[in-house]
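Please open the model in your viewer and keep the selection panel at hand. The stops below each say what to select and then what is there.

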Amino acid sequence: MRRAWIRVCAAATVAVCAAVPCAVAIADATARAAASVVSADAAAERFAQHDVFTMATTSGGAHRYYLAAVSQSASANSDVTSMTADGRLPWTIDVDYALNGPNVDASALTNAKGTVQIHVRVAPDMRVDEAARRYARRLRPFVTFTLPAQGVKDVSADEGVAISRHGDAIVVSATAAPGTTLDTRVFVEATKFSMGDIAVAALSADSTAAYGDGLRALGAQSATLTAAINNDDDRDDDNANAAFLATLTQLRDQERTLAKQQIAKLKKAHQQAFHDYMAAYVGSYTNHLSGSIGTKTQMTALMGTAGELKGDTPLAHAVTGLAAAVNNVSDAYQHIGAADEVDRIITRIRQQGTGGLVDELKRTAGEQARIGAQMYADGQGQLSRAMIPYSMAYTDVYTSELNDLTGGDLARAGTASAEAIAATNARNGSGTLGDDMAGVDAAMATLASAREHTGAANAAEQILQRFPDELADGGSSGGVADVRMQLQPVLRDSPLMQAAYEQWLRNPLGGQARARRAARIADAEKRQQAAHGAKDMSTLVTPSANDASAEISKYAGSVTSSLGGDGGGDKFAGGDGDASHKQAASKAISADGWMALVDANPWEREFLAADTQPVIDETVRIASVRSALDATADDLAKGGALAGEVTGTPDALGTRFLIVHAAS
């Protein structure tokens with residue numbers, strides 16, 4: 001079980017480790033014994049030919065650095081040197097924020113609404129010694145951070161800044177020439193603002209492609225940083241989880257492939273269903289026209305069309321087809337959410353092992369299902385409200401085109417209808433029709449984002465159900481030995497404490513009762529797994545069970561209401577509050593069924609142990625910026641906004657820095 005505890009062999013050693021914080025993952029025994037405070041000159045010397053990771057501090061005081069040799073494979077848990085250095089970084093990193101004009105603290109931006117300005121300035125620090133300044137002169141700085149797409153209406157920035165969409169996140173990246181100041185402003189139109197930490201990477205390379213490779217290498221090394229530190233010299237946990245990680249990697253890649261295939265396929269089907277619906281809509285409208293056609297929508301004809309939204313009519317069937325297509329293309333985005341969640345689980349296991357992961361997955365399954373259900377319900381209402389003005393605008397344009405083609409002669413309307421529809425579709429991206437279509441697209445984006453959350457919930461729940469043995473902390477047989485193995489390492493490895501615990505285990509009202517209960521829970525888990533049959537490796541996603549045909553009356557009611565009728569409801573498709581996914585969320589494994597088998601501390605008292613949790617928390621935060629670094633590398637590879645800003649450096653320096661500035 002990999003946790004942030006340092007193993008000791010006796011109670012006396014435990015006490016010593018509690019009194020003096022231990023240096024973690026030092027590359028050799030001499031470094032372990034030495035003090036971890038070094039001068040800026042020594043730090044600069046040790047930076048050479050290493051990947052250097054640190055968190056930026058506002059105080060400018062001591063920094064904790066993590067160094068890994070660049071020649072070692074980022075995928076391996078190579079030795080990582082941890083050291084502390086007083087003084088300054090080779091760069092100054094200043095970030096300030098404004099909300100609707102005035103400057104504000106970062107804390108004031110949480111869930112803020114309005115225009116948010118993010119000003120980032122990274123400059124060489126000329127007050128540091130010459131050994132440190134050489135890095136600032138020779139390394140190109142990159143700044144990157146993410147914004148959740150949900151809650152952001154628009155993002156703009158200074159020239160040369162790359163802004164791209166990656167899944168459910170917007171990635172912002174900028175760069176500057178080596179030795180110069182990177183100074184950029186980003187403007188966000190937010191409805192509920194939040195952002196990730198700001199990553200500052202500094203590296204040199206001889207080409208744009210090499211810069212991209214360097215950014216990916218920094219990201220990969222950061223993702224294994226916690227594992228390298230926490231694992232020390234004991235690789236048993238990695239070996240134990242290797243097969244599980246390989247399976248999860250297969251599932252993640254499979255979900256990504258399915259996402260690419262299904263989204264492309266179902267987007268085309270949705271587009272066709274949308275055109276079929278609009279053709280049926282104006283076709284019905286044409287049948288109800290009277291007198292001269294005119295250039296504006298005839299409201300009496302439109303009322304007749306609204307009446308055909310219900311019942312066994314071509315228009316009602318077209319609504320059913322469109323509603324089903326909306327559900328299907330939205331469902332396809334579950335594969336993105338599932339892949340992202342599995343990727344998060346893989347990173348988490350590499351960093352901290354499987355200890356405590358069951359509880360995390362239970363929380364994830366419940367929270368993501370709830371968020372997805374609420375967002376989908378909101379998106380349905382948003383789509384319904386967007387379809388009404390779009391349908392009205394579409395009918396206006398269609399009427400005008402039909403009038404031009406027929407000269408206003410109603411007798412010719414039937415034969416000219418198809419041509420008028422084609423002409424209207426050609427104007428779909430312009431004028432009022434284009435503006436109203438943007439509202440429909442925004443609603444579809446909300447539905448897609450909602451299903452990404454639902455996909456994450458599916459993945460968490462399916463992994464819980466399919467891999468109970470791999471997730472079990474110390475085994476799931478429930479025996480006395482298994483119970484003991486779930487204790488903190490400092491407890492089970494201390495002879496004195498272990499003897500006292502053995503006595504507790506022999507108590508019929510203590511350990512024996514707990515072991516019997518653990519065995520019953522383990523048996524129940526195995527029965528649950530057996531009920532699911534063989535592990536299904538095809539996908540982690542469960543399709544929604546929305547009945548599109550049942551929603552026609554709600555959409556028809558909303559249209560009738562907008563025209564002055566008495567219909568009600570505003571859901572276009574999918575059910576009130578997305579009932580199908582509420583039901584799926586309720587099937588999540590209950591806390592009672594998966595509660596921990598034992599308390600780690602049966603005497604309800606604190607045991608002395610070296611607490612490395614701050615180091616774990618810091619390195620996990622450093623690792624969290626990997627996706628932003630990868631996205632920046634992709635932008636360089638694809639010739640994006642950054643590609644034109646980057647030129648190679650002939651005398652590339654082997655040292656690379658990754659500095660994470662906390663956004664809040």
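Begin by selecting Ala324, which is partly exposed at a relative accessible area of 27%, where buried means under 20% relative accessible area, exposed over 50%, and partly exposed in between, computed with a 1.4 Å probe and with protein chains only. Before going further, note that this is a predicted model, in which local features need pLDDT of at least 70 and side-chain atom pairs count only at pLDDT 80 or more, whereas totals for chains, interfaces and linings use all residues. Residues are numbered from 1 along each chain as its sequence is written, and side-chain values use heavy atoms, with hydrogens and water left out.

**From Ala324 to the helix pair**

Ala324 belongs to helix α9, residues 314–332; helices (H or I, at least four residues) and strands (E, at least two) are DSSP runs, numbered from the N terminus.

Next, show α9 together with helix α13, residues 431–466. Two packed helices are described by the angle between their axes and the distance between those axes. For α9 and α13 the angle is about 50 degrees and the axes are 7 Å apart, with axes being lines fitted to C-alpha atoms, for helices over the stretch in contact, and angles running from 0 to 180 degrees between N-to-C directions. That makes α9 oblique to α13, since angles under 35 degrees count as roughly parallel, over 145 as roughly antiparallel, 65 to 115 as roughly perpendicular, and the rest as oblique. To see the contact itself (heavy atoms within 4.5 Å), display Val326, Val329, Ser330 and Asp331 of α9 with Met444, Leu447 and Arg451 of α13. The crossing of α9 and α13 is right-handed; a crossing is left-handed if the near helix is turned anticlockwise from the far one by less than a right angle, and right-handed if clockwise.

Now select Ala418, which lies in helix α12, residues 413–426, and which is exposed, with a relative accessible area of 57%. Leu402 is 16 residues from Ala418 in sequence, and their C-alpha atoms are 9.3 Å apart in space.

Extend the view to helix α11, residues 357–406, which packs with α12 at an angle of about 125 degrees, the axes being 8 Å apart. That makes α11 oblique to α12, and the crossing of α11 and α12 is right-handed.

Is Thr364 buried or exposed? With a relative accessible area of 13%, Thr364 is buried. Leaving aside its neighbours within four places in sequence, Thr364 is in contact with Glu341, Arg344, Ala369, Ala456, Ala457 and Ala460.

**One face of a helix**

Select α8, residues 299–307, and colour its buried residues, Ala301, Leu302, Thr305 and Ala306. Seen down the axis of α8, these buried residues fall within an arc of 145 degrees, so they line one face of the helix; the arc is that of the directions from the helix axis to the C-beta atoms. Turn to the other side of α8, where Thr300 and Gly307 are exposed.

**Glu618**

Go to helix α22, residues 613–623, and select Glu618, which counts as buried at 18% relative accessibility. Leaving aside its neighbours within four places in sequence, Glu618 is in contact with Met55, Arg64 and Tyr66.

**Two loop residues with positive phi**

Select Gln49 in the loop between α3 (40–47) and β2 (50–55); although Gln49 is not a glycine, its phi is positive, at about 60 degrees, and at 47% relative accessibility Gln49 counts as partly exposed. Then select Asn111 in the loop between β6 (103–104) and β7 (114–124), where phi is near 60 degrees, a positive value in a residue other than glycine. Asn111 is partly exposed, with a relative accessible area of 45%.

**The whole chain**

Finally, clear the selection and show the chain, whose secondary structure comes to 23 helices and 14 strands. Of its 664 residues, 51% count as buried.
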